[in-house]
Number of protein chains: 2
Amino acid sequence: MALMNENFLKLPGSYLFSEIARRVTQFKNENPDADIIRLGIGDVTRPLPPAVIEAMKKAVDEMGKAETFRGYGPEQGYNFLIESIIENDYKTRGVTLDIDEIYVSDGAKSDTANFQEIFGINNIMAVSDPVYPVYVDSNVMAGRTGNYNTDKGQYDNIVYLPCTEENGMKPAFPTTHVDMIYLCFPNNPTGMTLTKNELKQWVDYAREHKSIILYDSAYEAFIREENVPRTIYEVEGAREVAVEFRSFSKTAGFTGTRCAYTVIPKELMIYDSKGEAHSLNKLWLRRQTTKFNGVSYPVQAAAAAIYTPEGKKQIKETIDYYMENARIIREGLTEAGYEVFGGINAPYIWMKTPKQMGSWEFFDKLMKEAHVVGTPGAGFGANGEGFFRLTAFGTRENTEKAIQRIKTKMGK
Amino acid sequence: MALMNENFLKLPGSYLFSEIARRVTQFKNENPDADIIRLGIGDVTRPLPPAVIEAMKKAVDEMGKAETFRGYGPEQGYNFLIESIIENDYKTRGVTLDIDEIYVSDGAKSDTANFQEIFGINNIMAVSDPVYPVYVDSNVMAGRTGNYNTDKGQYDNIVYLPCTEENGMKPAFPTTHVDMIYLCFPNNPTGMTLTKNELKQWVDYAREHKSIILYDSAYEAFIREENVPRTIYEVEGAREVAVEFRSFSKTAGFTGTRCAYTVIPKELMIYDSKGEAHSLNKLWLRRQTTKFNGVSYPVQAAAAAIYTPEGKKQIKETIDYYMENARIIREGLTEAGYEVFGGINAPYIWMKTPKQMGSWEFFDKLMKEAHVVGTPGAGFGANGEGFFRLTAFGTRENTEKAIQRIKTKMGK
């Protein structure tokens, strides 16, 4: 008799965004005329820039001619894209990377979810709280987390690093030993960042404990302040302890086009039970060549176009557009008397609910009174309770309208 | 200290196709003028058909305009593609499927490799021998196979189903209980198929043992004979026990474009240790929504175009072209005195090496004497030893030239 992976039974009920969709659908059925504005899920609204469209169509045309047709590409990604990434995203920050230290993929969601496969099942993992649910759920499925404690809203074997009002949403250091540390900066959901010195403390911690940092940097393009590192490899020693995940989803509007990449420096070692060191890069190579077949060629050609002079200019315009939305939300909420985090170096604004209202209660109130949909902080972890996430990815018109409604329609 | 997944240490040395690449490179360095013809790796050479190119460019244009831009799509795939799949690939064969029984993905390699995640680690798996290495290696990484026995060239806990000259390359039934059964028809590497009655015996076996059949049907489009089922669901009872994997890679030249799909009927149940039944479909939904973010929209639009009248006509021409290559290889080798399997309902020809020569010895001889590169059967499993795979995916000119050389240049 075929038996299931029972770790799946440890996952609590519904996924955050399914529950949001359910409540919105119900509200719309009851209020068909309500003009709902969605500032919830982190999906972009601006179209792909012209340079990307042009490059992608050219690549599609190549696929239609025998002389230029491309079949299986390298599982790791094409060199033309990897070289552009190294040149533009790293060399400009003083970071040198080799071609075989970068793996192109179909998304940072896939990569951050799959990467744990090459780790032993008994490693202790740490995540910030609140946290992007994918890090946790993928490890639950693998059997690395222990059981779910319904009272705490936490898994027994995960070390949670609280991000609170008191510590300015900067994750607390673990007080017990951890092996795998998921960090995300600029952070989803809080929108906060670490300075280079703050990040260096994490690198030092990992070097001391032979832990590995899984650094999700999907929102790097939104950093505006000078003292915020663009990549963890700006920090000395990070090459020995950190993997970095990047994505074109938010940088260039690729949420529906699908392309991302992961950096694994060759110095980065992981150990077997005899204490022998193994290259994490080579383990991932083996994983990817066995279980993945590379990203669509036209998609990789499209991604490479963002590094051309026109591409750079065009994606900058889009990012500026979203960051102006972030400013409008941030300042609007502050004027309306809410306490807010983020929105300066990130497209996310993390607001404290008024009067210690629960996240889901505030979700319902905001939807019913202002017809605005956001994301309840509680969906990101126990310490997200009492907070609420808004995103800057809407249209300007909707963003302004939403803030106006929050200012005028929300009875306090 | 971060510890690795030590199951990776059980994988023997190099991956089949890396070893082939190494030997070819060495030979080319030593013989720079040799005009090498590759009939080895199963990659296509014909370009994408015009209907696909047109649809994909149209979809790319949509991504460039705010009104038609698409961000995150459904993880399961767009309905427009799923509806075309159901209508054309299943309804025409008398099989009814619901929209939520199909999951669109970036490749059958990813799906067949990842699907084992939702199974318990102690299930006993069966594979044919020879076999597509991905089924085995993905389960090794997960820890389901036990250790590798170097003498046997097999893993201790896998039940191997020998495909031999004696049984006409049709996998023998297991003599001990198995829970997960990987079957691939038309088969890679042997190119052989099962009749509907033969496949029914597998479905009956699975129903009796509450096993699950993981049916890889990536080469379905190449079936020519009437009594060969196009889908396992033509067999009564298959909906209760079989998952079917399909791909656009070979059907429509998508090896570099990346699109595939997996069918999981809702009747299909898997059990927990208390004996309670759980829907396999719902488990995969949870896995995909957590660890995958859907296939690129332009790629899905491209895939849907193969179901238009022009698309159907165009992909038929390409498949006819490859199957004419298959006929040329099959008949040429037979004339040259080799014993061959496959090539009638599949783009693969599985030949017996002459004089009980080892697969790798024949590989070297064929490369050195005829400058033709194929795939050593031993790379697909212990029972592949003494066999050799050629593929019909080359150009007509190269295919004819390769067969001519095999006829004239191979000293016997």
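Which residue in strand 14 of chain B is the bridge partner of Gly342(B)? The partner is Ile349(B).

## Basis of the model

This is a predicted model: local features need pLDDT of at least 70, side-chain atom pairs count only at pLDDT 80 or more, and totals for chains, interfaces and linings use all residues. Residues are numbered from 1 along each chain as its sequence is written, chains are lettered from A and ligands numbered from 1 in the order in which they are written, and side-chain values use heavy atoms, with hydrogens and water left out.

## The four-stranded sheet of chain B

Chain B holds an open sheet of four strands, ordered 13-14-17-16, with antiparallel pairing. Strands (E, at least two residues) and helices (H or I, at least four) are DSSP runs, numbered from the N terminus. Two strands pair if DSSP finds at least two bridges between them. Strand 13 (340-342) and strand 16 (375-376) are the edge strands, and each pairs on one side only. Three bridges join strand 13 to the antiparallel strand 14 (residues 348-352).

Helix 11 (residues 359-370) of chain B lies across strands 14, 16 and 17. Helix 11 runs at about 50° to strand 17 (387-391). Such angles run from 0 to 180 degrees between N-to-C directions, with axes fitted to C-alpha atoms, for helices over the stretch in contact (heavy atoms within 4.5 Å).

## Helix 5 of chain B

Helix 5 (residues 133-142) is mostly covered: nine of its ten residues are buried. Buried means under 20% relative accessible area, exposed over 50%, partly exposed in between (1.4 Å probe, protein chains only). Among the buried residues are Tyr135(B), Asp137(B) and Met141(B). The cover includes helix 7 (280-291) of chain A, as well as helix 4 (108-114) and strand 8 of chain B. Gly143(B) follows helix 5, with a positive phi near 95°.

## Val241(B)

Val241(B) sits in the loop between strand 8 (212-216) and strand 9 (242-247) of chain B. Val241(B) is buried, at a relative accessible area of 4%. Beyond its neighbours within four places in sequence, its contacts include Val203(B), Ile213(B) and Leu268(B).

## Domains of chain A

Chain A is divided into domain 1 (13-42 + 310-409) and domain 2 (53-307). These bounds come from an automatic or database domain assignment. The C-alpha centres of the two domains lie 26 Å apart. In contact are 29 residues of domain 1 and 35 residues of domain 2.

The rule finds two salt bridges across this interface. A salt bridge is a side-chain nitrogen of Lys or Arg within 4 Å of a carboxyl oxygen of Asp or Glu. Asp320(A) and Arg224(A) form a salt bridge (2.7 Å, N to O).
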